[in-house]
Amino acid sequence: MDKGFTRVRPLEGGLDAWSDAGYYTEDETIVAIRRPGAG
Amino acid sequence: MHKLVTYLLRYGLAVVFGNVFLEQIGAPIPALPTLIVAGALAQRGRMEIVPVLAVALAASLLADTIWFLIGRWQGHRVLRTVCRLSLSPDSCVRGTEDLFERAGMPSLLYAKFLPGYNTIAPPLAGAMNKTVASFLFWDGLGSLLWLSSGLLLGYVFHHAVNEVLRHLEDLGFWAGVIVGVVLALVVLVKWWQRRRIRKILRLARISVGELKSLMDSGNAPTIVDVRNRSSHLHDPRRLPGALRMTIDEIDDRLGELPREREIVLYCA
């Protein structure tokens, strides 16, 4: 189940619980990259 | 039997409306038995099938539209609130988002037949900024399909339904008590199971406080953000240093994860 890893645990409450506790979160900027010559 | 049937016939439409509305708004009161009885009464010509279907459809659309508007107002946050009612809130959010991402609005056509997804699909459609017209179209068709199935079941199996009704009528006042007690027991058993499984799941999880302590002590685990693409688009935040990979990518990208450190995942 853990595929050879020491320990795998889900975070209780996920991202919201982390954020609600007042801890820092990073913002992920999604950038669209257009290939040269495309469209 | 006459008393019970008379009662159903007198308040039938109100009972159907209330029951369907309450179930669709999230109360643990199944509407299927009521629809089946209404179908059986319609087969005997004691109820008109079209008004029953119209009232049930209105109740279903009203409750679903309320959820749709809450979803539009609250965004993805409402999913977490709705999913708190489920046994595993984060997998509930991820599972429903994945299903909606794959199938889109046509999934509303069969949403009523999938326990859990039934209540979550309307706010999810709202959170994903779908148009009201598209929502009413697909949800209306889905509701019609679901309600017709219930009524049809009662229509086809009317002999069996009438038999049950006759036994209940023979019991008189006690029939109401028995039905009430059975309903209360079903709700109680579901609540107890949910509480027990939540307790087990809590033991297997890491709390926010424990994760923060590990990070502060220099023993930070590897954090993996396994939310799907639509979640990232709606909420670009992530835990500090979290690696991003979807559930489908994990097997192919296992090599990126250090085996000597603990892994902490979050999917909602």
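Modeller: Helix α2 (residues 32-43) of chain B packs against helix α7 (residues 132-156) of chain B at an angle of about 55 degrees, and their axes are 6 Å apart. Here axes are lines fitted to C-alpha atoms, for helices over the stretch in contact, and angles run from 0 to 180 degrees between N-to-C directions; helices (H or I, at least four residues) and strands (E, at least two) are DSSP runs, numbered from the N terminus. That angle makes α2(B) oblique to α7(B), since angles under 35 degrees count as roughly parallel, over 145 as roughly antiparallel, 65 to 115 as roughly perpendicular and the rest as oblique. The crossing of α2(B) over α7(B) is right-handed, the near helix being turned clockwise from the far one by less than a right angle.

This is a predicted model, in which local features need pLDDT of at least 70 and side-chain atom pairs count only at pLDDT 80 or more, while totals for chains, interfaces and linings use all residues. Residues are numbered from 1 along each chain as its sequence is written, and chains are lettered from A and ligands numbered from 1 in the order in which they are written.

On the α2(B) side the contact includes B:Leu35, B:Ile36 and B:Gly39, and on the α7(B) side it includes B:Leu147, B:Gly150 and B:Leu151, where contact means that C-beta atoms, placed from the backbone, lie within 7 Å. By class, the contact of α2(B) with α7(B) has 12 nonpolar, 4 polar and no charged residues; Ala, Val, Leu, Ile, Met, Phe, Trp, Tyr, Cys and Pro count as nonpolar, Asp, Glu, Lys and Arg as charged, and the others, Gly among them, as polar.

Elsewhere in chain B, helix α8 (residues 158-171) has 14 residues that should span 20 Å at 1.5 Å a residue, which agrees with its end C-alpha atoms being 20 Å apart. After α8(B) comes B:Gly172, with a positive phi near 60 degrees.

Turning to the other chain, 28 residues of chain B are in contact with 26 residues of chain A. The side of chain B that touches chain A takes its largest share, 4 residues, from β4(B), and its residues divide into 15 nonpolar, 2 polar and 11 charged. An open sheet of 4 strands, with parallel pairing, has the order β1(A)-β4(B)-β1(B)-β3(B), strands counting as paired if DSSP finds at least two bridges between them. Within chain B, B:Val224 has B:Leu243 in β3(B) as its bridge partner.

Notes: Contact = placed C-beta atoms within 7 Å. Expected span 1.5 Å × (residues − 1).
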